[in-house]
Structures are given as C-alpha cells and as structure tokens.
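Please keep the sequence and the model side by side while reading.

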Amino acid sequence: MGLASLWRYLLGGLGLAALLAGVLAIVYLTAPHAPQPSSDVGRSKTTANKLFAATFEPEKGVIRQGELESWLLTLKTVEGAPVEGAAITISGGMPQHKHGLPTSPQATDYLGAGRYRIDGVKFTMSGWWQLHFAISAAAGSDTVVFNVVL
C-alpha cells in the first residue's frame, strides 16, 4: 500500500467523521429540550388577565417534601378587596419530568378575608413544580401559575 492510498483512507475517514458530527449536531439542535425552571418563584402575583392579586403559601410556613400539606391561596381584587365565593380548580406537575401532581389538590375551606385553604398538596421529589389555578368569581375568570422549586 502506497502513501497515496494511505492519504486517501485518512481523508475518507476524516470526511466520514465530519459528516457524522454534522448529523449529530443537527439532531441535538432540533431535538425537543425539557423546559427550564422558571426564576419566578414569587408567592404573590397578579393573575394572567389582571383580575386578581393572588398569594400562595404553605399553611405551616414550611414546604415539606413527601408530606401531604395544606396551603393558603389568598385572592384580592386589583383594588385590594377580598374575593369571596370563588370557584377554584387546581392542576400542575413537574414540567421537566412531564408528569402531573401525585395528588388532586382541592380548595376545601373559605377562611374569610379572601383566603382559601388548598388541601392535598404533595411534592414527592425535589425539583421544579408548577401549580395552576383557575379562578372564577364575580369579577370574572382568570388563571395564575405558581412555581415551587424544592
């Protein structure tokens, strides 16, 4: 085998490696990526359509992984009046893991002053969780999403 044949094999191998690297780059760049955790982990925010101001916090003040907990959702109008008689539905999960909540949280009690007890909240593992609230009240219907990172 001469030197010219050796160069031909070497250049052919380099060309094949470059082609393979290009295909891998295209696959990586076009593959769906898991969503990244939101840096918005605030416990108070305005709802999507700006109908309500919402605050969401653990009733005992501490988030405990793996335990069934009660949380408090406080709803006020944008003018600051407590929202009474709201119908609230809750959903959510872990966006990066693409699964929902392990429980079905429910608004169980109205505590007055716009405060609603949400029972059945459980975070089974550390990571980024989202809780989605759909709220219907006299002022209208709106939604809000809270991010919880454990």
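## Basis

This is a predicted model: local features need pLDDT of at least 70, side-chain atom pairs count only at pLDDT 80 or more, and totals for chains, interfaces and linings use all residues. Residues are numbered from 1 along each chain as its sequence is written, and side-chain values use heavy atoms, with hydrogens and water left out.

## A nonpolar patch

W7, L10, L11 and L14 make up a nonpolar surface patch. Areas come from the Shrake-Rupley method with a 1.4 Å probe, and for residues only the protein chains shown count as cover. Patch residues have over 30% relative accessible area and no salt bridge; like charges are joined within 9 Å, and nonpolar side chains (Val, Leu, Ile, Met, Phe, Trp, Tyr) within 5 Å.

L11 sits in helix α1, residues 3-30. Helices (H or I, at least four residues) and strands (E, at least two) are DSSP runs, numbered from the N terminus. L11 counts as exposed because its relative accessibility is 55%. Buried means under 20% relative accessible area, exposed over 50%, and partly exposed in between (1.4 Å probe, protein chains only).

## The open sheet

Five strands form an open sheet in the order β1-β2-β3-β7-β6, with antiparallel pairing. β1 (44-46) and β6 (106-112) stand at the edges with a single partner strand each, so one side of each has no neighbour in the sheet. The twist averages 25 degrees from one strand to the next. Axes here are lines fitted to C-alpha atoms, for helices over the stretch in contact, and angles run from 0 to 180 degrees between N-to-C directions.

Strands pair if DSSP finds at least two bridges between them. β2 (residues 52-58) and β3 (residues 69-77) run antiparallel and are joined by 7 bridges. F56 stands opposite L73 in β3.

## A buried leucine

L131 lies in strand β8, residues 128-137. L131 counts as buried because its relative accessibility is 0%. Contact means heavy atoms within 4.5 Å. Leaving aside neighbours within four places in sequence, the contacts of L131 include F56, I90, L101, F123 and V148. V145 is another contact. L131 and V145 are 14 residues apart in sequence and 5.6 Å apart in space, C-alpha to C-alpha.

## Salt bridges

The count is 3 salt bridges. The rule asks for a side-chain nitrogen of Lys or Arg within 4 Å of a carboxyl oxygen of Asp or Glu. K45 pairs with D40, their closest N and O atoms being 2.8 Å apart. K45 is buried at 16% relative accessibility, while D40 is partly exposed at 36%.

R117 forms a salt bridge with E59, with the closest N and O atoms 2.7 Å apart. R117 is in strand β7 (residues 115-121) and E59 in the loop between β2 and β3, so this pair ties together parts 58 residues apart in sequence. R117 also meets D109 in a salt bridge at 2.9 Å, N to O. Shared partners join E59, D109 and R117 into one network.

## Positive phi angles

K98 is not a glycine, yet has a positive phi of about 60 degrees. K98 is in the loop between β4 (87-94) and β5 (99-100). K98 is exposed, at 66% relative accessibility.

A113 is not a glycine either, and has a positive phi of about 55 degrees. A113 lies in the loop between β6 and β7. A113 is partly exposed, with a relative accessible area of 45%.
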